[in-house]
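Q: I would like a close look at one part of this protein, its charged side-chain pairs, and then at what surrounds them. Please keep it plain.

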Amino acid sequence: EHENPYHSYNEMNGCPMGGPPLYGMPSTGNTSRHVVTWCGHTMPVTITSQAAAVIEWVHRQTGGLFGFDLEWKPNFSPGQDNKAALLQLCGPEDCLIVQLLYADMIPRALVDFLLDAGKSLGGVGIRQDVSKLERDHGLACQGQVELGALASEKLERQDLHGGGLKKLVDQVLGKTLVKVKKITMSNWEKEYLDQKQIENAC
């Protein structure tokens, strides 16, 4: 028998959150917690499709600057437009990965978090990601910050404007970011992400 690699819990059962499930597909939801290490730094990460775990993460956050990204299954056919599968948010102390396609519901806490203009959501190509998130899932965002433009302004380097994440990590942080195409182009719609996907998503 295949063992579920995630420890699931159903905190939202019987809890009136107000609002229908995001999708009609049946899902009791899963949540797992991991620790990802990069360049000697460790970061706890919560992967979830449960509203309760999302609320718990949002309520823990005290900072004003967060990393923001999306992942979706690659579009291999003309006209194909797969929906965003993962929403990734990273705060000062830990990261959250929301599996949007399996979400039991989208809690108001997440909606308010994304709409809070007092929070800065930093990413590369973030305007396109924000547009896709709203188009695919009806979730709007405020306070987005394009990291390439920010780095270009602060360091007075025009070559960083519009730069990719790999270049920014190298030029701004002095570290090497390895992106493996096999992983970046993998199936992000999987219910159970493998370790390489988790590391990439963080």
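Which salt bridge do the side chains of Asp-116 and Lys-119 meet in, and what is its N to O distance?

A: This is a predicted model, in which local features need pLDDT of at least 70 and side-chain atom pairs count only at pLDDT 80 or more, while totals for chains, interfaces and linings use all residues. Residues are numbered from 1 along each chain as its sequence is written, and side-chain values use heavy atoms, with hydrogens and water left out.

The side chains of Asp-116 and Lys-119 meet at 2.9 Å, N to O. That is a salt bridge, defined as a side-chain nitrogen of Lys or Arg within 4 Å of a carboxyl oxygen of Asp or Glu. Side chains of opposite charge can pair when their charged atoms come close. Lys-119 is buried, with a relative accessible area of 17%, whereas Asp-116 is partly exposed at 30%. Here buried means under 20% relative accessible area, exposed means over 50%, and partly exposed is in between (1.4 Å probe, protein chains only).

By this rule the structure has eight salt bridges. Among them is the pair Glu-56 and Arg-60, whose closest N and O atoms are 3.2 Å apart. These two residues are four apart in helix α1, so about one helical turn separates them. Helices (H or I, at least four residues) and strands (E, at least two) are DSSP runs, numbered from the N terminus. Glu-56 is partly exposed at 30% relative accessibility, and Arg-60 is partly exposed at 39%. Both belong to a network of salt bridges that links Arg-33, Glu-56, Arg-60 and Asp-94. Another salt bridge joins Lys-190 to Asp-194, with 3.4 Å between the closest N and O atoms. Lys-190 is partly exposed at 29%, as is Asp-194 at 33%.

Next, the nonpolar interior. A nonpolar core is a set of buried Ala, Val, Leu, Ile, Met, Phe, Trp, Tyr and Cys residues joined through side-chain atoms within 4.5 Å. The largest has 26 residues, of which Phe-68, Leu-87, Leu-89, Leu-114, Leu-121 and Leu-133 touch the most other members. Elements giving two or more residues to this core are α1 (51–60), β3 (65–72), β4 (84–90), β5 (95–99), α2 (108–115) and α3 (126–137). Of these, α2 gives the most, with five residues. Leu-87 has contacts (heavy atoms within 4.5 Å) that include Phe-68, Leu-96, Val-98, Leu-110, Leu-114 and Leu-133, not counting residues up to four places away in sequence. A second, separate core of 13 residues includes Val-45, Ile-183, Trp-188 and Ala-201.

Last, the cysteines. A search of the whole structure finds one disulfide, a disulfide being a pair of cysteine sulfur atoms within 2.5 Å. Cys-90 and Cys-95 form this bond, with their sulfur atoms 2.3 Å apart. The torsion about their S-S bond is about -45°, so the disulfide is left-handed. Cys-95 is buried at 5% relative accessible area, but Cys-90 is partly exposed at 22%. Cys-202 is in no disulfide, and its nearest cysteine sulfur, that of Cys-95, is 4.9 Å away. Cys-202 itself is partly exposed, with a relative accessible area of 38%.
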